[in-house]
Amino acid sequence: MQAYVVCPLVEESEELNITPAEEYYKILSEGYFRDYRVGLLHGQMKSADKDRIMRDFANGTIQLLVSTVVIEVGVDVPNAAVMVIENAERFGLSQLHQLRGRIGRGSEKSTCILISDAQNEEATQRFKIMCETSDGFKIANEDLKLRGPGDFFGKRQHGLPKLSLADILTDTELLMKAQRSAAEIIEKDKALELPEHARLRRQVDRMFSENYGV
């Protein structure tokens, strides 16, 4: 059986009192788990090093992997059955669900442990939802309710964009139709150069100009 320890930061931060992945790795590899092979994985590593660590973890050479959210998607190690998420209040609900999905892929019973000192209502509600359901659709909806829609191109870059013609929580069918239409347009005219897309191109240019000054 193998395990993950997930940390929100790679290195120590003066602003946040959080144990970073690098320090956590040192504590575990030199202390509690010195008799085991412990690995460290984060986004600042070179691609070749990341690939090597993941290969060693996948083939069982590494028993415990200390990582940041780089394992959130695309990692499949059936023998990994335990995950500890440190400072879990720093992660969104959907992100916690994605991380949890890295375990329970084999025959062993899996366990995900959320560690947090947070006492605020939002964090408590988030953890409660995680304990109550593993339904990704329900978790995504609850995440939107907790975080709010945000402004995708504005100062509030978390969540999803504020919509003028639809409610992101109730108009799912309309939004899916819009998504399919957008995909069809991009497939046909990625740069929006056709005459029939001229107005759409102007709107996109205006959006980026207002928010990014380009």
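**Reading a predicted sheet and its helices**

Modeller: Y4 stands opposite M83 in β4. This is a predicted model, and that pair is a place to start.

Biologist: Which strand pairs with β4 over 5 bridges, and in what sense?

Modeller: A pairing is read from its bridges. Here β1 and β4 are joined by 5 bridges, in the parallel sense. On to β5: strand β4 (residues 80-85) is linked to β5 by 4 bridges, and these two strands run parallel.

Biologist: How should I think about side chains along a strand, and how many residues of β4 are buried?

Modeller: The general idea is that side chains in a regular strand alternate between the two faces of the sheet. As for β4, 5 of its 6 residues are buried, and the strand is mostly covered.

Biologist: Now the helices. How far does α1 reach from its first C-alpha to its last?

Modeller: A span is compared with the expected one. Helix α1 (residues 21-32) has 12 residues and reaches 15 Å, close to the 16 Å expected at 1.5 Å a residue.

Biologist: Which residues of α1 are buried, and which are exposed?

Modeller: A21, Y24 and L28 are the buried residues of α1. Their arc around the axis is only 60 degrees, so they sit on the same side of α1. K26 and E30, on the other side of the helix, are exposed.

Biologist: What do the buried residues of α1 pack against?

Modeller: They pack against three strands: β1 (2-6), β2 (38-41) and β3 (64-67).

Biologist: Where is K50 found, and which residues does K50 touch?

Modeller: K50 belongs to helix α2 (residues 47-58). Leaving out residues up to four places away in sequence, K50 touches L41, H42, G43 and M45. From K50 to L40 the separation is 10 residues in sequence and 8.8 Å in space, C-alpha to C-alpha. K50 counts as partly exposed because its relative accessibility is 23%, and buried would require under 20%.

Biologist: How many disulfides does a search of the whole structure find?

Modeller: The search finds 0 disulfides. For C112, the nearest cysteine sulfur is that of C131, 9.0 Å away, and C112 is in no disulfide. A disulfide needs the two sulfur atoms within 2.5 Å.

Biologist: Are C7 and C112 buried or partly exposed?

Modeller: Relative accessibility decides the label. C7 is buried, since its relative accessible area is 0%. C112 has a relative accessibility of 26% and therefore counts as partly exposed.

Terms used: Residues are numbered from 1 along each chain as its sequence is written. This is a predicted model: local features need pLDDT of at least 70, side-chain atom pairs count only at pLDDT 80 or more; totals for chains, interfaces and linings use all residues. Side-chain values use heavy atoms; hydrogens and water are left out. Buried means under 20% relative accessible area, exposed over 50%, partly exposed in between (1.4 Å probe, protein chains only). The expected span of a helix is 1.5 Å times one less than its number of residues. The arc is that of the directions from the helix axis to the C-beta atoms. Contact means heavy atoms within 4.5 Å. Two strands pair if DSSP finds at least two bridges between them.
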